[in-house]
Amino acid sequence: MKILKGIAYGLALPVILVLIWWASTLGTTNFFVPTPATLSEAFAETWFGERIFSDVLPSIGRLLVGVIAAIVLGIAAGLLIGSVKWLRDFTEPVLEFFRAIPPPVLIPVLMLLMGITDSMKVVVIISGCIWPVLLNTIEGVRAIDSVLSDSAHTYGIGGFARVRYLVLPSAAPQIMAGVRQCLSIGLILMVISEMFASSEGLGFTIVQFQRSFAIPEMWSGIVVLGLIGVAMSLIFQWTERRILRWYHGLREVENAA
Amino acid sequence: MSAPTVTTDSQGAAASRPRKRPAKKRPTKQLLGLAGILAFLLVWELVPRVGIVEARFLPPASDVIAMLFNDFGLTAFWVAVGETMLAWFLGLLMAVLLAVVLGFIIGSSNFLRKVTNSTVEFLRPIPSVALIPLAVLLFGVKIESSLMLIVYASFWQVFIQVLYGVADVDNVAMQTAKSYGLGRFARVRYVVFPTALPYLMTGVRLAAAVALILAITAELVIGSPGLGREISLAQSGGAISGMYALVLATGLIGVLINLVMRFIERKTLSWHSSIRSEVIV
């Protein structure tokens, strides 16, 4: 019963919205808004074919490579900078400035430096996504509980073990918050880099549809991007729950007290 | 804080001592930061001069900074900045108003929250840039295109925070307000609003950064007027130093927005413990 109720709550509004959409496009032939039927038809026709291999998968591949590289680099550099005080003070203003630059302006810059290639798009994604991870890691490492840190020191835990068992877990909540930002920026940059300079990929295809006034196809492309976004956020939530299980538990205990 | 050991000193000296400490620490920190900036500029200056990267792709820092100061004297530059900031401000304002109204309505009703949850979780991760083709079709290269993207992207940042904030209301405070006979409006004003305010301010700060990203993006990709379009024009026109100068300018605007937002947050939340502790330590 409880599960049924949950499903009903989850589905009610989407169903109502689709019904409204269907009803309002029933009699009209609005050029910009396709009916649900034409959209799903266009969706199946456009994306369940060769396009998956020629446009969708390469885009997703670049996104994954870029985001993973950004996360790894960001955490590694963040651990280093965060644990050395003078280095932190030394780099802080420059890093804050780089974070404040809106990432899309890097596209024309990198286009100039590297030309229009796959690696340029990956570098665009890396150079846009790395800042939230890097700065949050620095912040997380800096804010390690001093009692824990002293205890680890007293027990002679140092080097790799210290990073593995003290620094990384304490900084993990902050790092995950950075990764969440990094994912959404990554997706944005993937699309824009392809809209700006490309001859293939999701962003390019969607803009191409729009320019040739293939409206249902354009909408179906927007839906594909939406689905990728939703899938990424689901994967992230699942991973976060695994990595930060102890943290959420701790918070619950603290809130209950 | 360590206990003061200067009991023999006069009160004035005791008060000045803790003040001295941060004053002593801060300059070294700021000096290091300044040194960091200088080192970065030096590397940037040397890379093209030595020839690691050709100067026509990456002009030395001195050229770009000179160009930036040159831009500061041009009306066209300030017009572009004004257009970007106008889109940023209008978009942010609309998004915040919409998110606050909807957030308070939906957040304060258990039923509405449950019903909208799945839809919100589906719509939120949709990247706003997916709407670019739609914006072009509907509005062309006008400010409305930028506004559409900015509002969509920053709305979710604020909306989610407001939802969390409204849900965070202390039960005891709420019951107390009820038993003292506070009406619905008064409860929202004196119980819910102060609880949600820190969340709201966090949301607004995040949204301000996102709105700038989207404003520049829209100008860059769609070509609506503003700094982004100037960057794109400079790049395709081969005015490389000019392009780098504009990129620097967007970064400066970003830093400025961050600073202003943090200042506003500190002012509006001066009563809140998260800010109070920051001031004391």
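Analyst: A polar contact is a pair of N or O atoms within 3.5 Å, and within protein one of them must be able to donate a hydrogen and the other to accept it. By that rule, one residue pair is in polar contact across the interface of chain B and chain A, with both residues at pLDDT 80 or more. Please keep in mind that this is a predicted model.

User: Good start! What makes B:K29 and A:E92 a salt bridge?

Analyst: Their side chains come to 3.5 Å, N to O. The cut-off is 4 Å, so the pair qualifies. The count between chain B and chain A is one salt bridge.

User: What makes up the side of chain B that touches chain A?

Analyst: Its residues divide into 36 nonpolar, 13 polar and five charged. Helix α10(B) gives the most, with twelve residues. In total, 54 residues of chain B are in contact with 49 of chain A. About 4,400 Å² is buried between the two chains, 81% of it on carbon and sulfur atoms.

User: Is A:D89 buried or exposed, and why?

Analyst: A:D89 has a relative accessible area of 7%. Buried means under 20%, so A:D89 is buried.

User: And why is A:K85 called partly exposed?

Analyst: A:K85 comes out at 47% relative accessibility. That value falls between the 20% and 50% cut-offs, so A:K85 is partly exposed.

User: What about A:R99 and A:E96: how far apart are their N and O atoms?

Analyst: The salt bridge between A:R99 and A:E96 has an N to O distance of 3.7 Å, which passes because the limit is 4 Å. These two also lie in helix α4 of chain A, three residues apart. A:R99 is partly exposed at 29%, and so is A:E96 at 22%.

User: Over in chain B, what does the salt bridge of B:R205 and B:E265 link?

Analyst: The closest N and O atoms of this pair are 2.6 Å apart. B:E265 has 11% relative accessibility, so it counts as buried under the 20% cut-off. B:R205, at 26%, is partly exposed.

Definitions and conventions: Residues are numbered from 1 along each chain as its sequence is written. Chains are lettered from A and ligands numbered from 1 in the order in which they are written. This is a predicted model: local features need pLDDT of at least 70, side-chain atom pairs count only at pLDDT 80 or more; totals for chains, interfaces and linings use all residues. Side-chain values use heavy atoms; hydrogens and water are left out. Buried means under 20% relative accessible area, exposed over 50%, partly exposed in between (1.4 Å probe, protein chains only). Helices (H or I, at least four residues) and strands (E, at least two) are DSSP runs, numbered from the N terminus. Contact means heavy atoms within 4.5 Å. Buried area is the accessible area (1.4 Å probe) that two parts lose on being put together, summed over both. A polar contact is a pair of N or O atoms within 3.5 Å; within protein, one must be able to donate a hydrogen and the other to accept it, and residues adjacent in sequence count only if both atoms are side-chain atoms. Ala, Val, Leu, Ile, Met, Phe, Trp, Tyr, Cys and Pro count as nonpolar, Asp, Glu, Lys and Arg as charged, and the others, Gly among them, as polar.
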